[in-house]
Amino acid sequence: MSELTVKAEKLDAGDELAAKRAEFVLDGPEGAVYLDGNSLGALPVAVPGRVADVVGRQWGEMRIRSWAESGWWTAPERIGDRIAPLVGAAAGQIVVGDSTSVNVFKALVGAVRLAQENGPGRDEILVDATTFPTDGYIAGSAARMTGCTLRPVEPSEVPGALGERTAAVLLNHVDYRTGRLHDLPSLTAAVHAAGAYAVWDLCHSAGALPVGLDEHGVDLAVGCTYKYLNGGPGSPAYLYVRADLQERFDSPLPGWNSHAEPFGMRSEYAPAEGAVRGRVGTPDILSMLALEAALEVWDGVTVEAVRAKSLALTDFFLECVGTYVPEGRVECLTPLPHEERGSQVALRCADAGPVMQRLIGRGVVGDFRHPDVLRFGFTPLYVGFADVERAARVLAEELA
């Protein structure tokens, strides 16, 4: 037994989150090591039974009564309040529904409208130059719709790029390729100092590390729920609008669900109060209530404990890779300082695509990003230290 195997056993024995693993549907000790929760979280054991009840009883027996009696109508805000503590927000500021892309569009156009309402001349949007492609596509469309110029900027260069023309800035909290954690507090403060509005994409941070939306005065934020929140494939995303901005938030997608009188069927639109005005159409109830069940795994868990384990897992993985993997075979793209690291490790590898396929064939499931990146995501609620040691050992064997 190697020293790192012994170390993994000791770390697992002292893991305060170890019991949470039993709340997920996972393979046994000899099964797959699942390190792709940064793309799709594992299935919580409570979800299948809840979905069966929603389909069989709430829909099958109660039918339309369930909108009121089963709480379907209030689900977007109720589940938003469940997510709120995980991203450092008070209740009443998050609504669940639609996809991340749709919510990025709502948030970014809404931010530009807020800026332009404050005064003339705000006709520029800054977007994270390293962003996930969809955010860039949406930002381009938002710019055309609002008469703005779109300027891609590296996150570290945002403070120097801000000016009197800047209306809004769209940034990713964690870079999806490298796992780099950007400085949300200081970048948000810089955006505000320039008189602009900050929109943050939390897809790769919510559920993995503290975000502090309220603490740091973030204006608007969006995120998906199928990664570290384990909501399931295509589970609905969410939109955060800071409480003091809600009265002025002008969504570019007004729908009957966000009307002040949704059943009044009036020809003139009047927005509802609060987070509700972030809604558009009929909520996707089946996936939404699956998400609600999935969020029960957070009972008794703090984001701070999750962050501590995340850093310990990624530290240990890097230690194992450094010990096992032949020198020169991989290059770590993920920053080593804790304050700059999310909950994934990205390794550059010349033949990354074929290597990842071989790893998956041997039960170590990560993913590949073109052209040469191996990504390994660490979900602290169900990944253990023995998983980490095994993953690094198998990687080394495939690279030998």
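Buried means under 20% relative accessible area, exposed means over 50%, and partly exposed lies in between, computed with a 1.4 Å probe and protein chains only. By this scale Trp-256 is partly exposed, with a relative accessible area of 33%.

The legends below describe a predicted model, in which local features need pLDDT of at least 70, side-chain atom pairs count only at pLDDT 80 or more, and totals for chains, interfaces and linings use all residues. Residues are numbered from 1 along each chain as its sequence is written, and side-chain values use heavy atoms, with hydrogens and water left out.

**View 1. Trp-73 and Phe-263 form a tilted aromatic pair.** Rings of Phe, Tyr and Trp (its six-membered ring) pair if their centres lie within 6.5 Å; planes under 30 degrees apart count as stacked, over 60 as edge-to-face and the rest as tilted. The whole structure holds 11 aromatic pairs. In the pair of Trp-73 and Phe-263, the centres are 5.2 Å apart and the planes are at 40°. The two residues are 190 residues apart: Trp-73 is in the loop between helix H3 (66–69) and helix H4 (75–83), and Phe-263 is in the loop between strand S10 (238–241) and helix H9 (285–294). Helices (H or I, at least four residues) and strands (E, at least two) are DSSP runs, numbered from the N terminus. Trp-73 has 22% relative accessibility, so Trp-73 counts as partly exposed. Phe-263, at 59%, counts as exposed.

**View 2. Trp-256 and Phe-263 form an edge-to-face pair.** The ring centres are 5.4 Å apart, with 80° between the planes. Ring pairs join Trp-67, Trp-72, Trp-73, Trp-256 and Phe-263 into a cluster.

**View 3. Arg-279 lies over the face of Trp-73.** The distance from the ring centre is 4.9 Å. A charge sits over a ring if NZ of Lys or CZ of Arg is within 6 Å of the ring centre and within 35 degrees of the ring normal.

**View 4. Strand S5 (residues 124–128) is largely enclosed by the rest of the structure, because five of its five residues are buried.** Glu-124, Leu-126 and Asp-128 point one way from S5, while Ile-125 and Val-127 point the other way. In a regular strand the side chains alternate between the two faces of the sheet. S5 pairs with strand S6 (residues 149–153) in the parallel sense over five bridges; two strands pair if DSSP finds at least two bridges between them. Ile-125 stands opposite Leu-150 in S6.
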